[in-house]
Amino acid sequence: MKRKPNRIASQLKAGRVAANGLIDRRVFLQRGAATGLALAGGIASGYAANIGDNAKPWQKTIGAPMSAGGSPSRFAQEKLKRGVLQPYGEIAPGSGASMTPIHELHGTITPNGLHFERHHNGVPDIDPAQHKLTIHGLVKRPLVFDMEALMRYPMVNRICFIECSGNSFFNTFAKPRPLPAGMIHGLVSCTEWTGIPLSVLLDEAGVDAKAKWILAEGADAATMGRSIPLSKALDDVIVALYQNGEPVRPEQGYPVRLVIPGFEGNTSIKWLHRIKVTDRPLHARDETSHYTDLLPDGKAEQFTFVMGVKSVITRPSGGMTIWRDGFYEISGLAWSGASKIRRVEVSADGGKTWGDAYLHGPILDKSLTRFSMAWHWNGEPVQLQSRATDEKGRVQMTHGQWMAKYGAGQRYHYNAMQTWAVNEHGEVSNAYL
Ligand SMILES: Nc1nc2c(c(=O)[nH]1)N[C@H]1C(S)=C(S)[C@@H](COP(=O)(O)O)O[C@H]1N2
Ligand SMILES: [Mo]
């Protein structure tokens, strides 16, 4: 279909929400008839080809037989490959991370096989028949649960994200690395977890009046341990046995993990085998040598549990090339460890003007929220950004503001706005503003 440039120009003008082509979603979706203009479809139409009449080979033959377990299309598999970081290589073979390819995913729930992974000493091969969860310390009745016992308790479902405190650390380096969104920001995933509220198990053990904290510890050889305030432990923490309906996978903590919604991922202890109720934090290795936030005056903040408000445009994003000038739907993810997302704004001129993005429901507490913005790219270089605000009123900073807030070398809890520079060839790359 040939487009009428003057009509598109008038539509763009009518729907303008910010500079460089950001337009109202309703104009984007509007049907030709409703506008009174002689457009065959909505303003974003014209990208489909005419119907052909040649049947393809797969329309004429029997398909593959029933499978005993599905996997992505062979045409999609290459794209869904995950980046793996193994910074210490042979020195510490079990330590590293693999990233969720957020730039290749849509919706908000992360498929189990693409949940990011962060192990400090590899994935233990745990026989559930031999695994036990102990609750002890400041309790009236120390208890030991085997997996069969745990299965008998009433369970709840909770959708939430888990984000590593180290997510986005590449963006704390002096120069922006030319990486895809999944390699920069893919240490975040969102899952429907099913399990027992920790409060139910703590109540059965009978928490002592002096108790203020718990220590949760994993059964991996890293004995990952974290102190968590009792108030949070009794609030929305679950002892998870299922992940998007199937048993928690080994990489995610089989047979049982803690899920602490909104807190830094490190506290969601995998392969959970012990909870000690205490009157103070135990200052375990992983909350003193790591996961603290260095300030410019040399002091460090400890126990920065709640993940900041954050967003990232996943399409278009780093490493992609956009086809040619014309209409696009900018799409991305926003989240906050403190609450629901209230608002996401998008800018196409490096933060000078902003338009409100459309938030796709359901908008859930401490979960990934999908946003989108209609865009007409005129083929000139632009800088795309998104800026999220949560229900507590917290707003993302610019990269520069974030870097100034912390001391040199601070890598954890990066949640500044992401800038994607689009050049005149449509090539998208990581940039700092
Ligand atoms: N026992 C144990 N629990 C652990 C870890 C670990 O190495 N051992 N890694 C932690 C870190 S740093 C993060 S970010 C999350 C990652 O969870 P995932 O691998 O399921 O994405 O698990 C946390 N729980
Ligand atoms: Mo982490």
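1. Ground rules. Residues count from 1 along each chain as its sequence is written, chains are lettered from A and ligands numbered from 1 in the order in which they are written, and side-chain values use heavy atoms, without hydrogens and water. As the model is predicted, local features need pLDDT of at least 70, side-chain atom pairs need pLDDT 80 or more, and totals for chains, interfaces and linings use all residues.

2. The shell. Ligand 1 is surrounded by 20 residues (a heavy atom within 4 Å). The closest are Phe116, His120, Asp220, Arg257 and Lys270. By class, six are nonpolar, eight polar and six charged; here Ala, Val, Leu, Ile, Met, Phe, Trp, Tyr, Cys and Pro count as nonpolar, Asp, Glu, Lys and Arg as charged, and the others as polar.

3. Polar contacts (N or O pairs within 3.5 Å). A backbone N or O atom of Arg118 lies 3.0 Å from a ligand 1 oxygen. A polar side-chain atom of Gln252 is 3.1 Å from an oxygen of ligand 1. Ser268 places a backbone N or O atom 3.1 Å from a ligand 1 nitrogen.

4. Burial. Alone, ligand 1 exposes 530 Å², and the protein buries 100% of that (Shrake-Rupley method, 1.4 Å probe).

5. The sheet. Strand 5 (residues 117-119) gives the shell its largest share, three residues; strands are DSSP E runs of at least two residues. An open sheet of three strands runs 3-4-5, paired antiparallel (at least two DSSP bridges per pair). Strands 3 and 5 are at the edges with a single partner each, so one side of each lacks a neighbour in the sheet. Leu85 has Ala97 in strand 4 as its bridge partner.

Notes. Polar contact = N/O pair within 3.5 Å; in protein donor to acceptor, adjacent residues only side chain to side chain. Helix = DSSP H or I, 4+ residues; strand = E, 2+ residues; numbered from the N terminus.
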